Structure formats: structure tokens, C-alpha cells
Amino acid sequence: MNLKINCFLSYSSPEVARQMVEQLRTLDYIQHICFLSPIPCNETIEGAQIWQSESLTSAKTLKTIAGKIPSFKGTDYFLLITQPHYIDFGLFAPERMLRIAQDTGAGLVYADHYRQEETGIKAIPLIDYQAGSLRDDFNFGPVLLYNASIFCQAVAHIKDNYQFAALYDLRLTVSRIAPLIHINEYLYTIQEENNTSQEEQQFAYVDPKNRTVQGEMEQVCTRHLKAVGGYLVPNVETWTFDRSEAFPCEASIIIPVRNRIRTIADAVRSALSQKTTFPFNVIVIDNYSTDGTTEVLKEWEDERLVHVIPESPGLGIGGCWNTGVHHPACGKFAVQLDSDDIYSDDATLQKIVDAFYEQQCAMVVGTYMLTDFDLKPIPPGIIDHREWTPENGHNNALRINGLGAPRAFYTPLLRECKVPDTSYGEDYALGLWFSRSYRIGRMYEVLYYCRRWEDNSDASLDMRKMNENNLYKDRLRSWELTARIHKNKEI
């Protein structure tokens, strides 16, 4: 191989560093090896340099790397290893990454890999990058091969002294210059312990202690949207409701359900106990339950309960929502309640409907609290999505993984939009669609208790299912980004 590769690695300990150098020095195409240490280090690692630097997420560190690259003559690519763990490369793995980078003109190449755990080796398959992969937690794995020239171009675009968002800014900028290529081959093994739970990962971006981080991330994403033509100016369009419109009632609480014998009675009881100044009903779409849920619903004696069994047995949650929203009994506003969950009190529905008129919006999103099955709060507790702002929430929605709950919609617009017939991400798709053109109202008091238990649809997901979910939401973002770019061109 004629080309040379430099390596920049996160420093953790002399032992790990020496192991990495020993392995990398067996490869004759590796030129310089540099460790980046956030604290002063007096160790000497033969065959490598140790630089004191800030975190790899800081702009200062990336600019330091970019400044050194020209002095490493004859190297068109470099490996950036972002985690301070030992990486065991497979046979010819760096060469494979380099070959793909050359063949595709990639700005960045990343690969599937393994992780060594106490129970054995676990496969970590990743997903393809696309235009809508705008979330800042996209998983590239710890081994990144960059085109050095494109890296330097991208770093030169980083104008702010980010402490947390520099790598995010870097890869968004690189993506505007060249492809980001995923090699779906297992090229290395990382020896680390992953002690972060799915719950902690899923809700990290709404944790109040991460607000500074999220502010930087939002700034980076907003600039990227402007660069690609997908940024929407502050959405000030209000929605005035025609009070003369004829609906069977003012609001309908929509509850899709399948096999929730343990929770459906709680959900229906919570819905029917709402105290309002207007008429409402509860539409339960019973998706061919087989565990006794159907019998519980049939025995309920309340004329406000509309028990619907869809014509098709193959619907997802979104299809059940479509069935309920298009039912002739559906009211002016369609309000969400999952079959696992309950409202926080008997005034929730009144507050949500009042918010439509007060905020003149087409969709309302509230605040919920994560609890266990017995309604005891569990971390991170209250999920309020205060990262949302009236000025930029509709743009930042393309970066985050959800808008919150409970959700409620102006029924005529929801009937126009249609809900994707899936059982994951359908709510996010609606939030993107509504926020493109209409104001979304926000409520920051706890309206809803979201119960986490073993039968939740997103409980204990395996890697395949997590990737499937992430890929779908990225695709939703890609479609929405394209629609917003087209909308801007029409203005």
C-alpha cells in the first residue's frame, strides 16, 4: 500500500497505550501515532507521542489535530479513535477501511465491530448514514477513518469554541463535502464495559444537567440546516378554530390497545374520569387482543366509551390511530393516551383543550413523568422537553428523538396528514409534519404518567431492533428535510 495513515487516539493508561502502539506498529502503512490526553501525562510511550488536549468533543482539540496534519507529509487519511479502550483490529482491517475510502471518495468511513463483554463477544452492527441522520447521538463506533484534506476543510468551518459539539459540527460539515460510508463488515473488537442503560441513553438529551450540551448541539444543527436549505424561519402562523364546525364532541381520547389486560382498565378509568366543561368520549381501538382485554372493554358500561375493533387485523399503532381519528364519533381534538399509562389528574383533558384555543396551535405536546408500574417516579423523572423554543423548536425537532407526551391534534388536520402505520416513531413523524407548517403548543406541567414495565414496546430492545428503530427515524428526518428544502425553494 502506497498511502500512509496517521493515528490519533484517546489516552487512558500507559498499559492500553503500549498495547495499541505494539499492534499498530506491526502495520507498515501506519506513520505517526499520537495520543490525546485531557490531563498532563509524564509517561513516555515508545513509538508514539502524547499531547495534552481537551476532550475530543472540543473545537480546540480538533483544530490542534488539523494544525498538525500538514506536517505529517504523505498521509492522505488518518484514524481517529474516540474512546480510550483497547481496539483489536481484525486482519487487514485498516487497509479495508482505507480501500473503501479511496474507492468511494468518502470523507469519513466507519464500520461494524464487536464488543468484548463479561459474557462473551457481542456483535455491534451499525446503520447507514443518510441526510436525515441529524441526531447528535448517531453511533459511528469508536474507530473513524477521515480523509485528511476534507477533515481540515471541515474543521476550518468551526467558528465557535465548542466544548461539547465539535465532533457533531465536524461530521455534519464533512457530510456536506463528501459521503459518510458505513462498512457493514466486522473489522475490530473493542474491549470496554458499557454501563449506560437504554433508558439513560434514550433520555439523555432531556436531562436538565445536559442543557449546556444541548444548546451547543442545537446551534450546530441549525447552522447545518441553513447550509443545506432545510432551515425554516420562525413559525409564527397561528391557527384559528371555527367554533361552528360540527363534531360529535369537543375531544376524543384515543387509546390503541393490544393485549394489555394488566393496564387497560387503569387507562380507560383515567380517561373517563376527566372533568371538563365540554362533552368528550374515549375511543379504544382494540387491535384483536387475545388476553382478555376485549372482554374487559365489552363489559364497560359507559356510553362515552367507543370500543372499536378494526376491519384489518394487521394494523400497527399508527393504523389504530387512523381508525380512531376517522371514526364518525371522533371529536374536534384527538388526544393521546397509551394503554399502559394514565393521566396525572382529572383536569388533564380540560387543560389540553384549553391550550389549543389559548396558544392557537394545531398540535399540543405536554409533559410526562416516567414511573414504574406502581407509579413511583424513576430516573430521569420528568420529561418536559424544555429544549423546545417557539423560535426554533420546529428546526431542532430534526435533531432530537421525540417531542414529548401527551400529544393532541386538531382532528381535521390529522385526518389530512394520516398517521404512519407503524408501532414506533409514528408520533415523531406527526410532530415533524405539523411543525413544518403549524404552531405546536407546549405545556410544561406533568399531565401524564408513563409507566415503564417489562411489556413496554421499547423495553429491553436488542441491537437489531434498536438499529431498525433508529434507521426509521433517520429516514423520517430525511423525508422531512427534503420536504422542507422543497418548501423553501417555493417561497
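Guide: The protein has an average pLDDT (the predictor's confidence in each residue, from 0 to 100) of 92, and 94% of the residues score at least 70. Over residues 195-203 the pLDDT is below 50, and this stretch has 16 contacts in the model beyond near neighbours in sequence. This is a predicted model, in which local features need pLDDT of at least 70 and side-chain atom pairs count only at pLDDT 80 or more, while totals for chains, interfaces and linings use all residues. Residues are numbered from 1 along each chain as its sequence is written, and side-chain values use heavy atoms, with hydrogens and water left out.

Visitor: Why is Ser270 called buried?

Guide: Buried means under 20% relative accessible area, exposed over 50%, and partly exposed in between (1.4 Å probe, protein chains only). Ser270 has a relative accessible area of 10%, so the residue counts as buried.

Visitor: Which residues is Ser270 in contact with, leaving aside neighbours within four places in sequence?

Guide: With contact meaning heavy atoms within 4.5 Å, they are Ile342 and Tyr343. A polar atom of the Ser270 side chain lies 2.9 Å from the backbone nitrogen of Tyr343.

Visitor: What makes Tyr114 and Tyr186 an aromatic pair, and of which kind?

Guide: Rings of Phe, Tyr and Trp (its six-membered ring) pair if their centres lie within 6.5 Å; planes under 30 degrees apart count as stacked, over 60 as edge-to-face and the rest as tilted. The structure holds 29 aromatic pairs. For Tyr114 and Tyr186 the values are 4.8 Å centre to centre and 20° between the planes, and the pair is stacked. Tyr114 lies in strand S6 (residues 108-117) and Tyr186 in strand S9 (residues 180-191), so the pair ties together parts 72 residues apart in sequence. Strands (E, at least two residues) are DSSP runs, as are helices (H or I, at least four), numbered from the N terminus.

Visitor: Why do Tyr114 and Tyr186 count as partly exposed?

Guide: Tyr114 is at 30% relative accessibility and Tyr186 at 34%, so each value falls between the cut-offs for buried and exposed.

Visitor: Of which kind is the pair of Phe241 and Tyr410, and why?

Guide: The ring centres of Phe241 and Tyr410 are 5.0 Å apart and the planes stand at 70°, so the pair is edge-to-face. Phe241 and Tyr410 are both buried.

Visitor: How do you know that a charge sits over the ring of Phe373?

Guide: The criterion is NZ of Lys or CZ of Arg within 6 Å of the ring centre and within 35 degrees of the ring normal. The charged end of Arg451 sits over the Phe373 ring, 4.7 Å from its centre.

Terms used:
A polar contact is a pair of N or O atoms within 3.5 Å; within protein, one must be able to donate a hydrogen and the other to accept it, and residues adjacent in sequence count only if both atoms are side-chain atoms.
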